[in-house]
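This briefing sets out the main features of the structure shown below. Please keep the sequence and the model in view while reading.

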Amino acid sequence: MAILEETKLTRNTAGRMVPEMVNGRRQVPYLGVGKNRPAGNQAGPPIRTADDYPADGDKRVVDLETALRKCGLRDGMVISSHHHLRDGDRVALMALEAAARIGIKDLVWFPSASFPSQKRAIDLMDSGVIDHIEGSMNGPLGDYCTQGKMRGMGILRSHGGRWQAIQDSEVHIDIAVIAAPTADPFGNCDGSRGKSACGSLGFALADSTYADHVIAVTDNLVSFPCVPWQIQGNHVDYVVTVDSIGDSSKIVSGTMQITRSPDRLRIAELVALFLRDAGIMRNGFSFQAGAGGIALAFVGYLKRMMKEAGVKARFVRGGSTKYLVELLEEGLTDYILDGQTFDLDGVRSIASNSRHVATSPFTSYNYHGKGNFASMVDAVVLGATEVDANFNANVVTHSDGRLLHGIGGWQNCLAAGCTILAVPSFRDRMPVIVDEVTTLCGPGELIDVVVTERGIAINPRRQDLIDAVKGSRLPFRSLPEIKAEVERICGGKPQRPKRGDRPVAIVKWVDGTVLDSVWQVG
Amino acid sequence: MSSRIEAAAKHVGEAGHSGQEIRSDVQVLIEPRQLGGIDIELESRVKPYYGDAIRRQAEDVLESLGLRHARVVIHDEGALPFVIAARIESAARRAGLGEGTRVLPNRLSSLAPSARDRMRRSRLYVPGNEPKYFINAALHGADAIILDLEDSVHPDEKDAARVLVRNALRAVDFLRCERMVRINQLPLGLKDLEEIVPESPDLILLPKVETSRQVLDAVEKMAEIKAIFGITRRTWLMPILESALGIEKAYEIASASDEVAALTFGLEDYTADLGVVKTATGAESLFARQRVVNAAHAAGIQAIDSVFGDVGDVDALRTWAVNSRAMGFEGMGCVHPSQITVIHEAFAPTAAEIEQARKIVAAYNEAQEKGLGVVSLGSKMIDAPVVQRARKLMAQAEAMQLLK
């Protein structure tokens, strides 16, 4: 693909300037929550026949390069990979570097998320092997993109949005490369066992069903059948065995750290108290909290309050951690519905406890399906880098415009009954509550509560929540009030950093429309 | 040429901290020059947002300090304006400049002065040279915040901490917390008073007090400073007894001055002085703590217990605090915000105590209405001190929002 051409910009319904064409494909600008009606049929992979596959089920080939050649790898193809091995993943780079050795150019790398340890992808972009990345970027890859060095434009999607894009034919995956902690020669894959065990493989499910070709790469080959299997071998073309698919010390952490910052602990406690006082914490309720320091501490506070009140959850949504596993094992929740598994306790639990269930972006998050779990969750606790006075939030860029985080399930989770952003009101001297967010990732109409160390702001659109907490002694305040206080502390409003006028990436909304642009910095 | 560089190098002043792991602080280097005006080199993690503001502030502060020619290197880690001003002032002073000039940030409107017998269940220690802990200290609900200039500050940093704490007293909103400062042991503490007293803290903690003379020295110094600045607002004293001799002189110290509002105890130093090991039950300090309680009550002031050092052990803290209240203490020190709630719960009157006090007060009021000299509840006669204690407990319960 050619170096980013002049692209026409248009103003979307949220008032953000977005490109009309991205990597040669026409885009639909964001129209508002629930306004973009999909039409037509889903994508479908080519029809295959068992005649073309070994009758004995043995799909092994000697190495990844051979597998890629057999899949017909060509210039400009889309190669997908997945982040269930997180920062420990070796498979994605293995595949991309094998493609480089073959002499392939202009690939689109379509990871479910990229990680700092994959920074060698920069060399592959410099040398033209990769044209651009469609998937979350942070650290060195994020900087590379925001500095405008990537040739094609980056596309950032939520986990649910990634499924939607594959299923709706926005992205056609030519070859999916799936890292499998355990697999059999037929291609059945499981993530709960093996030396590189990581828990759920849900991120790779869409790729396994919609890609033209699928390669499973494992460092723990077992004889057929690999039971249980989360990826069905019937979707898999080739199986490759390697010494190691990942650095186990980075795949899962021993124990995720609860924050020790008094301010963040206060935020976590206020979130839990809010759920209690608003009556959301009641028998049979459900919640989701991620693996950030505040979210982990929140689970600890909520657990104590649940015990005091004699209340039990029906299900909690992971990213599972030791703290959710404890809730399950102490009978404080009936189920963990787990999107990814963050620590060793989570891996142990998902492998051994039938009430700890692996889910996928399809079941959890996909907006273009017949419903999904996200909207059935009573409360979700999320982070953000910035929020404006109308509850619009940013989760991908730092206030200077650099890419900082992926979207993850964040956008999808906004569908919950009560969406809570748990954020400090300022970091160092940087206000988090701002006049205008640098990058719009979540429309304010879907964000219900912002909890900061200086007070709790309920979205005025949620009169029901405002009524529910009448009589509570918690420190409720308006966002503008907290914002004014923070600006006084910080010595005035911050200057607006200069941003470039060239978009280097776009942020998709859960329905595939373009919500905002990320602009070149520096 | 080289001798000029050396001469200049002697006067380089540096203050503050920077580095990857430093937050909310700033490092300032001032190299005075003969000519060339002010040359500011600024590095800051918030430069895109506050770079101009930091430069403007630095120029203003330097001008107030009378600096016309200097190279100024500022390495900022997101420090708030009151910190930036303090660090520039400290660097200038260390460079031998700006002597006697205070560059004061705007003062927030101050609350009413604190009452001598104000509720002092919890006092949260904040290290005096660590600005990142100042900013949100008051949010955790302690009755008091102590900005500490003593043990938590390195001897080489006393001057910088003093200026920082002074600025914090003006610019940081400590909400409803009593604003306390722990100064250094006298005579170093007298220098602390010169910087701190003009900002009218509510209470000064005097460490390692062993004689009433030390209290009076502080009282006299404070009176002198207040006279110069025309300050009439009260600043209370809380002597800390943390040696065998101090404990022996407890009553003398407690009753040394009307400015003394409370007496407290330093467990670490006391056990070190005795050469014994701290135990979970505190048997080794039982006498000393009882002595503090008794001397304080004899002098008509509050007895406040030591800090509890093991932040991780909430259960042990709770046990200690419950026991502490039973002994007659009215509060404790906290080294981490997580201790505050536990201490408040432990020092709260129980529901049964509140109910009993309510009955006693009601019986007293009824007797007063009927003009009876003798108050009785059921078959029991109630003495005046009992009524007084019941009223105090009800007032406490009210202040702690325990009354329905």
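In this predicted model, 58% of the 522 residues of chain A count as buried. Chain A contains 15 helices and 28 strands. The radius of gyration of chain A is 23 Å, close to the 24 Å that the globule rule gives for 522 residues, so chain A is as compact as a globular protein of that length.

**Overall dimensions and contacts of chain A**
- Along the principal axes, the C-alpha atoms of chain A fill a box of roughly 70 × 55 × 40 Å.
- Where residues at least 6 apart in the sequence of chain A are in contact, 72% of these contacts join residues at least 24 apart.

**Two helices of chain A that meet**
- Helix H9 (residues 293-309) and helix H10 (residues 322-329) of chain A have axes that come within 9 Å and cross at roughly 25°.
- Angles under 35 degrees count as roughly parallel, and H9(A) is therefore roughly parallel to H10(A).
- From H9(A), the residues Leu296(A), Val299(A), Gly300(A) and Lys303(A) meet Tyr323(A), Leu324(A) and Leu327(A) of H10(A).
- The contact of H9(A) with H10(A) has five nonpolar residues, one polar residue and one charged residue.

**The interface between chains A and B**
- Contacts between the chains involve 18 residues of chain A and 21 residues of chain B.
- On the side of chain A that touches chain B, helix H8 (262-277) and helix H15 (479-490) of chain A each supply at least two residues.
- H8(A) gives the most to this side of chain A, with four residues.
- By class, the residues on this side of chain A comprise seven nonpolar, four polar and seven charged.

Key: Residues numbered from 1 in each chain as written. Chains lettered and ligands numbered in written order. Predicted model: local features only at pLDDT ≥ 70, side-chain atom pairs only at ≥ 80, totals over all residues. Contact = placed C-beta atoms within 7 Å. Nonpolar A, V, L, I, M, F, W, Y, C, P; charged D, E, K, R; others polar. Axes fitted to C-alpha atoms, helices over the stretch in contact; angles between N-to-C directions. Parallel < 35°, antiparallel > 145°, perpendicular 65-115°, else oblique. Rg over C-alpha atoms; globule rule 2.2 N^0.38 Å. Buried ≥ 20, exposed ≤ 12 C-beta atoms within 10 Å, placed from the backbone.
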